[in-house]
Amino acid sequence: LSLADALPIFQSKIAHLSRALGKISELDHVGDVRQCGFIAAIELVANKKSKRPFPVEDRIGARVCSQARQRGLLVRPLGDTIVIMPPLVIDLPDLDMLLQIVQEAIQSVTGGSAGG
């Protein structure tokens, strides 16, 4: 597979990730979602409107990553920001599963729902 042949595949995966992140951004405790290509960051906040952070001692990001790990996914927190860096070879069903696990972990830890 040449780079020219692979580029449209990568671009479609990036677009797919972007659409899925849009849904995650609607969660009650997601203050911001940033994406650069196939790398994304999901910032967790106590209050979505004011962007007030969770207390540092609550370690929300670490707890979300621990919940994800219990579901079979390794993701990394940077404070209360969850970093997602899937491999470029991931197929769309696995990417969807990764994002579903992240969403479930966020909701489990924060008690939030979508669009509240």
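Modeller: A residue counts as buried under 20% relative accessible area, as exposed over 50%, and as partly exposed in between. The model discussed here is predicted.

Colleague: Is Lys 51 buried, partly exposed or exposed?

Modeller: Lys 51 lies in the loop between S2 and H2. Its phi is near 65°, a positive value in a residue other than glycine. Because its relative accessible area is 45%, Lys 51 is classed as partly exposed.

Colleague: What class of exposure does Arg 59 have?

Modeller: Arg 59 is also placed in the loop between S2 and H2. Phi of Arg 59 is near 50°, again positive in a residue other than glycine. The relative accessible area of Arg 59 is 54%, and the cut-off is over 50%, so the class is exposed.

Colleague: Of Cys 36 and Cys 65, which one is buried?

Modeller: Cys 36 has 61% relative accessibility and therefore counts as exposed. At 1% relative accessibility, the buried residue is Cys 65.

Colleague: Which element supplies the largest share of the largest nonpolar core?

Modeller: This core has 29 residues, and those touching the most other members are Ile 42, Leu 44, Val 64, Leu 99, Val 102 and Ile 106. At least two residues each come from H1, strand S2 (39-44), helix H2 (60-70), strand S4 (81-84) and H3. The largest share is eight residues, and the element supplying them is H3.

Colleague: With which residues is Leu 99 in contact, leaving aside its neighbours within four places in sequence?

Modeller: Leu 99 is among the core residues that touch the most other members, and it also lines the largest pocket. With its neighbours within four places in sequence left aside, Leu 99 is in contact with Leu 17, Ala 20, Leu 21, Ile 24 and Ile 84.

Colleague: Which helix gives the most to the lining of the largest pocket?

Modeller: The pocket has a volume of about 180 Å³, and its lining has three nonpolar, three polar and three charged residues. Among the lining residues are His 16, Arg 19, Asp 96 and Gln 103. Helix H1 (3-24) and helix H3 (92-110) each supply at least two of the lining residues. With five residues, the helix that gives the most is H1.

Colleague: How far apart are the C-alpha atoms of Ile 14 and Gln 35?

Modeller: Ile 14 is in helix H1 and, at a relative accessible area of 30%, is partly exposed. Not counting residues up to four places away in sequence, it touches Gln 35, Gly 37 and Phe 38. Ile 14 and Gln 35 are 21 residues apart in sequence, and their C-alpha separation is 9.2 Å.

Colleague: What distance separates the C-alpha atoms of Pro 77 and Glu 43?

Modeller: Pro 77 has its place in strand S3 (residues 76-78) and counts as partly exposed at 26% relative accessibility. Apart from residues up to four places away in sequence, Pro 77 touches Gly 61, Ala 62, Cys 65 and Ile 82. Pro 77 and Glu 43 are 34 residues apart along the chain, and their C-alpha atoms are separated by 9.6 Å.

Conventions: Residues are numbered from 1 along each chain as its sequence is written. This is a predicted model: local features need pLDDT of at least 70, side-chain atom pairs count only at pLDDT 80 or more; totals for chains, interfaces and linings use all residues. Side-chain values use heavy atoms; hydrogens and water are left out. On a 1 Å grid over the protein atoms alone, a cavity is a set of points where a 1.4 Å probe fits but cannot get out, and a pocket is an open set with protein on both sides within 12 Å along at least five of seven lines; lining residues have an atom within 4 Å of a point. Grid points are joined across faces, edges and corners, and a volume is the space filled by probe spheres set on the points. Helices (H or I, at least four residues) and strands (E, at least two) are DSSP runs, numbered from the N terminus. Ala, Val, Leu, Ile, Met, Phe, Trp, Tyr, Cys and Pro count as nonpolar, Asp, Glu, Lys and Arg as charged, and the others, Gly among them, as polar. Buried means under 20% relative accessible area, exposed over 50%, partly exposed in between (1.4 Å probe, protein chains only). A nonpolar core is a set of buried Ala, Val, Leu, Ile, Met, Phe, Trp, Tyr and Cys residues joined through side-chain atoms within 4.5 Å. Contact means heavy atoms within 4.5 Å.
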